[in-house]
Amino acid sequence: MNHIISIICFAFLLASCSLSPNYHQPVINLPQYLGLEPTEEKISETWWKDFGDSTLDLFVQEALENNYDLALAMSRVSQARSSWSYARSDRYPNIKLQGEATRNKKDSNKGQLENYNNFSLSGVVSFELDLWGRARDADRKAYATLLSIKANQDAIKLSLIANVVESYFGILTLNNQIQISQNTLKAREENYQYRKKEFEVGQTSEIIMQQAKSEVASVKAQLQSLLKEQNAAQTALLILLGRDPEGIFNVEIPTQPQTLPNAPIIPVGLPSSILEQRPDIEAATQNLKAANFAIGIARSAYFPTISLTGLAGYVSPELNNLIQNSSSTWNYGGNFVSNLLDLGRTNANINLAKAQYQEMLLTYGQTINKAFGEVRDSLFNYSISNERIQSLNEQVEALKRALVLAQIRYEEGYTNYLEVLTTQSNLFAAELNQQSVKLENLSAAINLYKTLGGGWNKEYYDKD
């Protein structure tokens with residue numbers, strides 16, 4: 001056993017340098033702040049709770065527990081973790097216990113056949129000396145790949161939450177628009193019945209009656225379109241929540257109208273370093289590290305592979321005498337393998353690894369630029385969406401007043417009925433648009449949360 005311990009200690013003393021280039025984080029020219037002024041405020045990791053809707057909180061929790069896309073991403077993380085564990089094990093000796101029992105027959109000196117037994121029990125150690133850092137680089141490459149896949153999972157999680165939140169508010173918006181359409185349809189039908197009676201007694205023309213009827217049909221068509229959108233939005237949300245087929249068909253999502261919440265106030269003077277925590281940037285960083293270590297793995301093929309093996313145990317023809325000093329046996333040795341002529345294969349693999357590193361470097365830069373572009377657009381949309389709400393609110397109030405005036409003017413004979421119909425149509429469209437713009441405001445906040453990485457209090461582990 002002392003021989004085995006000596007082999008292990010000797011192996012660790014000889015390992016290990018690394019042939020991979022020293023990794024340096026690429027230097028990017030970043031703006032100091034993403035907004036006008038710096039702030040110490042932070043974005044919560046549970047940012048969706050800023051909207052103050054308990055039903056939404058339950059939907060998000062259900063999606064995190066049951067969504068298939070997220071479950072698949074978690075499965076890929078588990079696979080990557082197993083691959084890393086396997087790669088890491090190559091840096092340590094492989095120790096086995098083996099036993100053998102045989103029954104043999106041989107010719108004796110007297111020309112007779114003799115039977116004999118042979119029993120053995122031994123420990124075997126084998127270890128590849130990591131003199132050139134191949135196993136170490138393979139370990140670090142697998143770990144960087146694990147972190148990249150973990151970051152991809154976080155990106156899917158963030159996207160899932162954003163989609164659930166936006167789908168939920170989209171359904172609430174449709175519910176409100178359907179209620180507006182139903183109220184408008186009721187008013188249009190009452191108006192049509194009134195104009196119809198007027199026509200029947202000769203108090204109005206047929207064209208006015210037909211215009212009123214046309215307005216009824218127009219609102220009905222709009223209502224049917226909204227009901228179609230509502231059903232599609234509900235189905236999409238149920239799938240995001242991970243409901244089973246029975247749940248998709250039989251579970252009803254509330255359709256009652258309710259007032260949409262105001263968009264949360266998000267600090268806009270955030271430090272640009274927050275984007276280093278974005279999942280896509282984290283994934284690009286780890287892919288770059290993995291490509292860097294791959295160069296070292298490829299370079300190690302230039303050098304010989306040296307393996308050590310050792311055995312210590314017992315051999316005896318009698319099982320009851322096996323574990324005795326007189327039956328002990330041991331051996332140890334080494335193995336040396338090196339390429340003598342590979343006709344450029346190693347050099348080609350190194351060039352390939354370097355080219356793949358350059359690809360990851362370009363991808364990293366592209367990801368950074370895309371991230372800042374998304375944040376720039378999100379900040380602008382978030383800031384301007386409040387102004388759009390104010391403008392639409394003023395438009396709706398103005399059209400309500402205009403409709404009252406148009407009806408007075410028509411009843412007093414100062415204008416024709418077309419003015420009333422036009423004002424009614426404009427008001428109906430503005431009320432629907434008012435709900436859409438409120439959703440745009442919420443969507444702008446959701447998208448800003450998403451582009452900022454959903455909060456920067458994430459614990460990404462790193463390894464030298």
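S44 is partly exposed, with a relative accessible area of 30%, where partly exposed lies between buried, under 20%, and exposed, over 50% (1.4 Å probe, protein chains only). The model is predicted; local features require pLDDT of at least 70 and side-chain atom pairs pLDDT 80 or more, while totals for chains, interfaces and linings use all residues. Residues are numbered from 1 along each chain as its sequence is written, and side-chain values use heavy atoms, without hydrogens and water. S44 is found in the loop between α1 (2-14) and α2; helices are DSSP runs (H or I, at least four residues) numbered from the N terminus. Although S44 and Y449 are 405 residues apart along the chain, their C-alpha atoms are separated by 9.5 Å.

The largest nonpolar core comprises 72 residues, a core being a set of buried Ala, Val, Leu, Ile, Met, Phe, Trp, Tyr and Cys residues joined through side-chain atoms within 4.5 Å. Within this core, I43, W47, F51, V164, V165 and F169 touch the most other members. At least two core residues are supplied by each of α2 (54-66), α4 (134-200), α5 (206-240), α7 (279-299), α8 (345-411) and α9 (417-451). The greatest contribution, 15 residues, is that of α4. In soluble globular proteins, nonpolar side chains tend to be buried together.

The largest pocket holds about 350 Å³ of space. A pocket is an open set of points on a 1 Å grid over the protein atoms alone, with protein on both sides within 12 Å along at least five of seven lines, and lining residues have an atom within 4 Å of a point. Grid points are joined across faces, edges and corners, and the volume is the space filled by probe spheres set on the points. Of the 17 lining residues, A187, R188, L403, Q407 and Q424 lie nearest the pocket centre. Helices α4, α8 and α9 each supply at least two lining residues, and α4 provides the largest share, seven. The lining has eight nonpolar, five polar and four charged residues; Ala, Val, Leu, Ile, Met, Phe, Trp, Tyr, Cys and Pro count as nonpolar, Asp, Glu, Lys and Arg as charged, and the others, Gly among them, as polar.

Q424 is placed in helix α9 and counts as buried because its relative accessibility is 8%. Beyond its neighbours within four places in sequence, Q424 is in contact (heavy atoms within 4.5 Å) with R188, L403, Q407 and Y417.

An unreviewed UniProt entry lists residues 382-409 as a "coiled-coil region". Over residues 382-409 the chain is 100% helix and 0% strand, with the end C-alpha atoms 41 Å apart.

Terms used. UniProt positions renumbered as here; feature names shortened; annotations may be inferred. 1 Å grid on protein atoms, 1.4 Å probe; cavity = no way out; pocket = protein on both sides within 12 Å on 5 of 7 lines; lining within 4 Å.
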